[in-house]
Amino acid sequence: PRSTPTVHQGKVYSIGVTGRLNCLDGRDGSVIWEKNIPVEVGSTAAEDAEAVYYGRSNSPLIVDDLLVVPGGGTPNNGFHSLLAYNKDTGEEIWRGGTDQISYASPSLVEICGVRQILSVNEQTVSGHDPLTGKTLWSHAWPGNNLSNSSSSQAVVIAGDKILLSKGYGNGAMVLQISRSDDDKWSAEKVWKKHNVLRTKFANVVVKDAHAFGLSDGILQCVETATGRTRWKKGRYGHGQILLVGEKIVVLAEDGTVHLVAANPQRFEELSQFKAIEGISWNNLCLYGPYLLVRNSKQAACFKLPTK
């Protein structure tokens, strides 16, 4: 699978490469309910494989009693950016947005004090009402699922701004999200730079008004207010990163784990060890002291020294 499963209240929710959505009993793996997302949005397997060329890589999102997933569709039957199901029964509750999906996962955020679902789509980024799926705001974020794909999640900064990043020479952009007294939403560009945070597969992490990300495989620290680069060092390839307190855990593309200080003043690698063999693009996970890493061939768990 391309995506990370979501575990919630004893159930495991997963999306496979072809769009098979499963709700499994965490005790024994038995199927509680399942959906074929392409069928749900009126698409065939061949049409979905062409539209989402590299396979679906979105992780399911729990929002209260809902399970929210990217939908998809076809030009003839229309696009559905998000689908929401009852997390326990699989009953469809709403559909939201009219944009084709990307490879990014939706997230639950608060912007301008309003709770909403943040979705990076194939050519846009949008905010949605969690109760109805209604699009609150949308802004262009050009992409193409074959040649200029979006995989990185959007990140909220300063409570009312959105940081976007992607590879293929696109770089990063910050949007100012505003809400008027009569509940009208708007999104305006604050800055956009092509030479920062070119995150092909990975998400960025944000700490103390700075964003850290693997930009074309090199770890880069950028001021979120201006887009100015503080430093760019450490050739880790297209791996993944995780912010843990004052440190960043990096799973490099070659399967090596590195520990780097989340320090905007200077680059400082603290330690490293070889974890798994082969090209490693999957997200890593820290559960207490246990670090779980995986790729398409191997998985491993390490117990780390923690405070």
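User: Is Tyr 103 buried or exposed?

Analyst: Tyr 103 is buried, with a relative accessible area of 5%, where buried means under 20% relative accessible area, exposed means over 50%, and partly exposed is in between, computed with a 1.4 Å probe on protein chains only. This is a predicted model, in which local features need pLDDT of at least 70 and side-chain atom pairs count only at pLDDT 80 or more, while totals for chains, interfaces and linings use all residues. Residues are numbered from 1 along each chain as its sequence is written, and side-chain values use heavy atoms, with hydrogens and water left out.

User: What about Tyr 53 and Tyr 54, how exposed are they?

Analyst: Tyr 53 is partly exposed at a relative accessible area of 48%, and Tyr 54 is likewise partly exposed, at 40%.

User: Which kind of ring pair do Tyr 54 and Tyr 103 make?

Analyst: Their ring centres are 6.1 Å apart and their planes stand at 55°, so the pair is tilted; rings of Phe, Tyr and Trp (its six-membered ring) pair if their centres lie within 6.5 Å, and planes under 30 degrees apart count as stacked, over 60 as edge-to-face and the rest as tilted.

User: And where do those two sit in the chain?

Analyst: Tyr 54 is in the loop between helix 2 (45-51) and strand 5 (61-63), and Tyr 103 is in the loop between strand 8 (92-96) and strand 9 (107-111), so the pair ties together parts that are 49 residues apart in sequence. Helices (H or I, at least four residues) and strands (E, at least two) are DSSP runs, numbered from the N terminus.

User: How many aromatic pairs are there by that rule?

Analyst: The count comes to 8 aromatic pairs. Among them, Tyr 53 and Tyr 54 have ring centres 5.0 Å apart and planes at 85°, so that pair is edge-to-face. Elsewhere, ring pairs link Tyr 13, Trp 33 and Tyr 85 into a cluster.

User: Switching to charges, which ring does Lys 166 sit over?

Analyst: The charged end of Lys 166 sits over the ring of Trp 141, 5.9 Å from the ring centre; the rule asks for NZ of Lys or CZ of Arg within 6 Å of the ring centre and within 35 degrees of the ring normal.

User: Why call strand 22 enclosed?

Analyst: Of the 5 residues of strand 22 (residues 247-251), 4 are buried, so the strand is largely enclosed by the rest of the structure.

User: What joins strand 22 to strand 21 and strand 23?

Analyst: Strand 21 (residues 240-244) is joined to strand 22 by 5 bridges, running antiparallel, and Val 244 stands opposite Lys 247. Strand 22 also pairs with strand 23 (residues 256-261) in the antiparallel sense over 5 bridges; there, the bridge partner of Ile 248 is Val 260, and Val 250 stands opposite His 258.

User: Which residues take a positive phi in the two hairpins?

Analyst: In the hairpin of strand 21 and strand 22, with 2 residues between the strands, Gly 245 takes a positive phi near 65°, whereas in the hairpin of strand 22 and strand 23, with 4 residues between the strands, Gly 255 takes a positive phi near 90°.

Conventions
Two strands pair if DSSP finds at least two bridges between them.
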